[in-house]
Amino acid sequence: MKHYKPTTPSRRQMTTASTRGVLTASKPLKSLTKGKRGSSGRNAHGRITSRRRGGGHKRRHRDVDFVMEKVNIPMTVRTVEYDPNRSAYIGLVVYADGAKRYIVLPQSVSVGDQLLVSEQAPLKPGNRLPLKNIAIGTFVYNVELKPYGGSRIARSAGIHAEVAAKEEGFVHVKMPSSEVRRVPSGAWASIGEVSNEEHHLETIGKAGRARWMNRRPKVNGRSMNAVDHPMGGGEAHARGARKRRKSKWGKPVNVGQKTRTSKKYSDKNIVSRRKSKKR
């Protein structure tokens, strides 16, 4: 971790992941980038669907390949780069046929390493192959939910999923949240753990840095008016009829409270629910 000289009270607490000797390029490949306009948490109708979003520093979108459809063509890692749109490091890879792609890099992979997407690829970090060909107990990332549907699971910095068991046509994958889910055995996954494992140790340090990161302030519901929140209104944070904490929409938000939609279409694929954390 990188610590800073305490020139200000907020600077004293700030920490970031050390990138010295890790990143090898400061600018992305222009042909794989494009402009990115922030949505400020709003959907196509202009309604806020994700609160406390907006502002932030200008970013450029990196076209990261999550499908990796070029099978049986070896590729070489050319650079290791920072991506402002995700917590993990990305790498520019060059295939043997000359094609260039950005991919999410795993730990222990550096410039010059050879990677392969193949059904018979060796089980080494960065290689990609179907779940049915991966041994039980192997750590994986960039896991698909259906064959050639693109990576959906375990893409954030420092995390991994685990191949827990195999059955007829399905593989049990233990998610980073401790949930165990059935995934079709023909879905693809990459071997290893996602890079930038120190990301969870970072301390933002000050409110201004959060605003750079597109995060807006959060207000306690009890500080709002009664018209704006179920817990708002009253004098001196009165708690009279409010026996439990609620969200803005009146739903309970107690620790361990189940919020998943009942009878969801993917319930049949969940073997074991995630374990809720206790305070």
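**Group meeting: a sheet, a patch and some salt bridges**

Let's start with the sheet. It is open, with 4 strands in the order E7-E6-E5-E8 and antiparallel pairing. The edges are strand E7 (100-104) and strand E8 (114-115), and each of these pairs on one side only. On terms: strands pair if DSSP finds at least two bridges between them. Strands (E, at least two residues) and helices (H or I, at least four) are DSSP runs, numbered from the N terminus.

A word on the source. This is a predicted model, where local features need pLDDT of at least 70, side-chain atom pairs count only at pLDDT 80 or more, and totals for chains, interfaces and linings use all residues. Residues are numbered from 1 along each chain as its sequence is written, and side-chain values use heavy atoms, with hydrogens and water left out.

Back to the sheet. Strand E5 (residues 75-81) and strand E6 (residues 90-95) run antiparallel, joined by 6 bridges. Glu-81 stands opposite Ile-90 in E6.

Now salt bridges. The rule: a side-chain nitrogen of Lys or Arg within 4 Å of a carboxyl oxygen of Asp or Glu. How many salt bridges does this rule give? The count is 9.

Take Lys-70 with Asp-97. Their closest N and O atoms are 2.9 Å apart. This pair links distant parts of the chain, 27 residues apart: Lys-70 sits in the loop between strand E4 (60-62) and E5, Asp-97 in the loop between E6 and E7. Buried or exposed? Buried means under 20% relative accessible area, exposed over 50%, partly exposed in between (1.4 Å probe, protein chains only). Lys-70 is buried, at 17%. Asp-97 is partly exposed, at 46%.

Next, Arg-86 with Asp-83. Here the closest N and O atoms are 2.7 Å apart. Asp-83 has a relative accessible area of 0%, so it counts as buried. Arg-86 has 21%, so it is partly exposed.

Then Asp-267 with Arg-260. The closest N and O atoms are 3.0 Å apart. Asp-267 is partly exposed at 23%, and Arg-260 is partly exposed at 32%. Salt bridges with shared partners join Arg-260, Asp-267 and Arg-273 into one network.

Last, the surface. Lys-2, Arg-11, Arg-20 and Lys-206 form a positive patch. Patch residues have over 30% relative accessible area and no salt bridge, with like charges joined within 9 Å. Lys and Arg count as positive; His and the chain ends are not counted. The place of a charge is NZ for Lys and CZ for Arg. Areas come from Shrake-Rupley with a 1.4 Å probe. Lys-2 lies in strand E1 (residues 2-3). Lys-2 is partly exposed, at 43%.

Methods: Patches are made of residues with over 30% relative accessible area and no salt bridge: like charges are joined within 9 Å, nonpolar side chains (Val, Leu, Ile, Met, Phe, Trp, Tyr) within 5 Å.
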